[in-house]
Amino acid sequence: MCRAALESPRKSIIFEPYPSVVDPSDPKTLAFNPKKKNYERLQKALDSVMSIREMTQGSYLEIKKQMDKLDPLAHPLLQWIISSNRSHIVKLPLSRLKFMHTSHQFLLLSSPPAKEARFRTAKKLYGSTFAFHGSHIENWHSILRNGLVNASYTKLQVRDCDVLLPFLVGRIESWEAVGFLG
């Protein structure tokens, strides 16, 4: 999810929060600083983070050593990615959503415990409805760290023309494209 956000053409808008990572060679300096964003350097460090499969093949110290050889910022970045994710997954009871025809159902919780407690209290008083959120993977870096937001009328909103324009360009005459976007 972090990689998808970082590789998105919208990264300057959706890659939030940007990591705050201390430089291991100079503990008084931020190697990754939200006030001085360097997406290329961040991509280089992320490319050096080992896969989960590779990480399960050795001890913590061996894995850290290997990542430090590849890029001294890879391990600190991985620590930030893990520690900044405030969500967790909870398995739902077996008969929760029958129309899904599976017993393997999970709920992603991303609210702090106090907010979740307020929700549960309000749910007892007023009831609730399940809603499903479908979002492109590039948005999940932010969703897992900031929660869902109403993006309507903000820089985060993806307009139809943003999605259609790359498809339309080069496929039909420009005057027809204007009619689609009109």
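Tyr 18 counts as buried, since its relative accessibility is 4%, where buried means under 20% relative accessible area, exposed over 50% and partly exposed in between, with a 1.4 Å probe and protein chains only. Please keep in mind that this is a predicted model, in which local features need pLDDT of at least 70 and side-chain atom pairs count only at pLDDT 80 or more, while totals for chains, interfaces and linings use all residues. Residues are numbered from 1 along each chain as its sequence is written, and side-chain values use heavy atoms, with hydrogens and water left out.

What is the geometry of the pair that Tyr 18 and Tyr 39 form? The pair is edge-to-face, at 5.7 Å centre to centre and 85° between the planes; by the rule used here, rings of Phe, Tyr and Trp (its six-membered ring) pair if their centres lie within 6.5 Å, with planes under 30 degrees apart counted as stacked, over 60 as edge-to-face and the rest as tilted. Because Tyr 18 sits in the loop between α2 (11-14) and β1 (21-23) and Tyr 39 in helix α3 (residues 39-47), the pair ties together parts that are 21 residues apart in sequence; helices (H or I, at least four residues) and strands (E, at least two) are DSSP runs, numbered from the N terminus. Tyr 39 is buried, as is Tyr 18.

Phe 15 is buried too, at a relative accessible area of 0%, and ring pairs link Phe 15, Tyr 18 and Tyr 39 into a cluster.

Finally, the backbone: a cis peptide bond, with omega about 0°, joins Glu 16 and Pro 17, and Pro 17 lies in the loop between α2 and β1. Most peptide bonds are trans.
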